[in-house]
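Subject: Structure handover

Hello,

Here is the structure I promised to pass on. Please have a look at it first; my notes on what was found follow below.

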Amino acid sequence: MKTKRITLLAMLIALSMVLSYLESLLPQVYIVPGIKIGLANIPVMFAIFKLKPSDALLISGIRIFLLAILFRNFLSFIFSITGGLMSIAFMLLFKKMKTFSIMGISVIGGVAHNLGQILIAVFVVNTPGLLFYLPILIIAGTLAGIVIGLICNLLVEHIQLPFQE
Amino acid sequence: MKFKRNDIILIISLLIIAVISFFLIQSMKKVGGSVLVLKNNQEIDKFPLNENTKKMIEFDGQYNQLIIQDSKVWIESANCPNQICVKHPKIQYSGETIICLPHQLVITIVDGEAVFDSISY
């Protein structure tokens with residue numbers, strides 16, 4: 001049982017790292033810095049709905065940590081981890097409230113991620129002018145959340161866990 | 001697919017909030033006066049926005065080529081890894097910012113008269 005869980009988590013972490021890489025190959029929409037779909041969040045959302053909240057945190061945290069020490073620097077680690085934690089915190093909160101389905105929670109996650117990143121950016125570079133990006137980042141987060149929500153809805157419906165949580 | 005009505009309400013209200021705040025911000029934009037260059041949160045340079053300027057900002061081999069032309073500001077080239085500052089659209093209004101995170105460089109427009117140094121007086 002325990003081994004199965006560790007294996008499943010390891011696979012989800014590996015999957016989300018590969019998805020991060022795949023996403024970096026996609027052509028970027030350049031309107032304001034930092035717009036992306038967030039494919040790496042698919043395994044995280046899968047964990048939120050099929051596994052435990054702590055598993056979602058583990059997958060996201062370990063992915064960001066590993067990517068940072070492998071390819072990136074400390075600053076991008078700070079940005080990623082803030083966005084990631086913010087998005088998971090909001091998704092878990094709204095999942096508890098049962099107001100929204102997977103789609104709504106995914107949208108909340110996308111918007112919360114961008115909010116977290118813009119707030120940490122304002123703090124790090126000490127530039128309130130960055131808040132000008134906020135409207136576009138809200139729209140981008142919403143659209144990304146819709147796409148990820150559609151994918152996760154299918155996954156959560158059709159994938160059965162090999163063991164009971 | 002089993003979506004709730006709340007999802008649709010959420011998505012629509014987020015988009016409405018974004019569009020309204022976008023136009024609010026657009027309507028509040030003021031013409032800028034001068035261009036500030038900050039490195040590690042310290043002001044290192046200041047240029048009047050209405051004067052065409054070319055300035056190479058260079059530290060320890062890290063460079064960003066700053067251009068001010070027709071009251072618009074952009075980074076022509078830089079040797080930072082992500083090139084976000086180079087791809088950034090031109091800025092011209094007060095409060096707008098171009099940031100090069102890898103070089104810890106911030107280019108921002110502030111309003112008011114351009115300040116000249118003692119020599120130009």
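Let me start with a sheet in chain B. Four of its strands form an open sheet in the order β2-β1-β7-β6, with antiparallel pairing. Two strands count as paired if DSSP finds at least two bridges between them. Helices (H or I, at least four residues) and strands (E, at least two) are DSSP runs, numbered from the N terminus. The edges of this sheet are β2 (42-48) and β6 (97-100) of chain B, each pairing on one side only. On average, neighbouring strands here are turned by 15° against each other, direction ignored. Angles run from 0 to 180 degrees between N-to-C directions, and axes are lines fitted to C-alpha atoms, for helices over the stretch in contact.

Two points on provenance. This is a predicted model: local features need pLDDT of at least 70, side-chain atom pairs count only at pLDDT 80 or more, and totals for chains, interfaces and linings use all residues. Residues are numbered from 1 along each chain as its sequence is written, while chains are lettered from A and ligands numbered from 1 in the order in which they are written.

β6(B) is joined to β7 (residues 105-110) of chain B by four bridges, and the two run antiparallel. There, I98(B) stands opposite I107(B) of β7(B).

β3(B) pairs with β4(B) over seven bridges, in the antiparallel sense. M56(B) has Q65(B) in β4(B) as its bridge partner. Six bridges then join β4 (residues 62-69) to β5 (residues 72-78) of chain B, also antiparallel. L66(B) is partnered by I75(B) in β5(B). The hairpin of β4(B) and β5(B) has two residues between the strands, and D70(B) takes a positive phi near 50° in it.

Chain by chain

Chain B has two helices and seven strands. Along the sequence they follow the pattern α-β-β-β-β-β-α-β-β. The radius of gyration of chain B is 19 Å, well over the 14 Å that the globule rule gives for 121 residues, so chain B is more spread out than a compact globule. That radius is taken over C-alpha atoms, and the globule rule is 2.2 Å times the number of residues to the power 0.38. The C-alpha trace of chain B spans about 70 × 35 × 25 Å along its principal axes.

Chain A has six helices and zero strands. Its radius of gyration is 16 Å, close to the 15 Å from the globule rule for 165 residues, so chain A is as compact as a globular protein of that length. Its C-alpha atoms fill a box of roughly 50 × 35 × 30 Å, taken along the principal axes.

A helix pair in chain A

α2 (residues 41-50) and α3 (residues 53-71) of chain A pack at an angle of about 165°, with axes 7 Å apart. That makes α2(A) roughly antiparallel to α3(A). (Angles under 35 degrees count as roughly parallel, over 145 as roughly antiparallel, 65 to 115 as roughly perpendicular and the rest as oblique.) From α2(A), P43(A), V44(A), A47(A) and I48(A) meet P53(A), D55(A), A56(A), I59(A) and S60(A) of α3(A). Contact requires that C-beta atoms, placed from the backbone, lie within 7 Å. These residues divide into seven nonpolar, one polar and one charged. (Ala, Val, Leu, Ile, Met, Phe, Trp, Tyr, Cys and Pro count as nonpolar, Asp, Glu, Lys and Arg as charged, and the others, Gly among them, as polar.)

Where the chains meet

The contact takes 23 residues from chain A and 25 residues from chain B. On the side of chain A, α6(A) gives the most, with seven residues. That side divides into 15 nonpolar, eight polar and no charged residues.

α6(A) packs against α1 (residues 5-28) of chain B at about 160°, with axes 8 Å apart. The two are therefore roughly antiparallel.

Best wishes

Definitions and conventions: Two residues are in contact if their C-beta atoms, placed from the backbone, lie within 7 Å.
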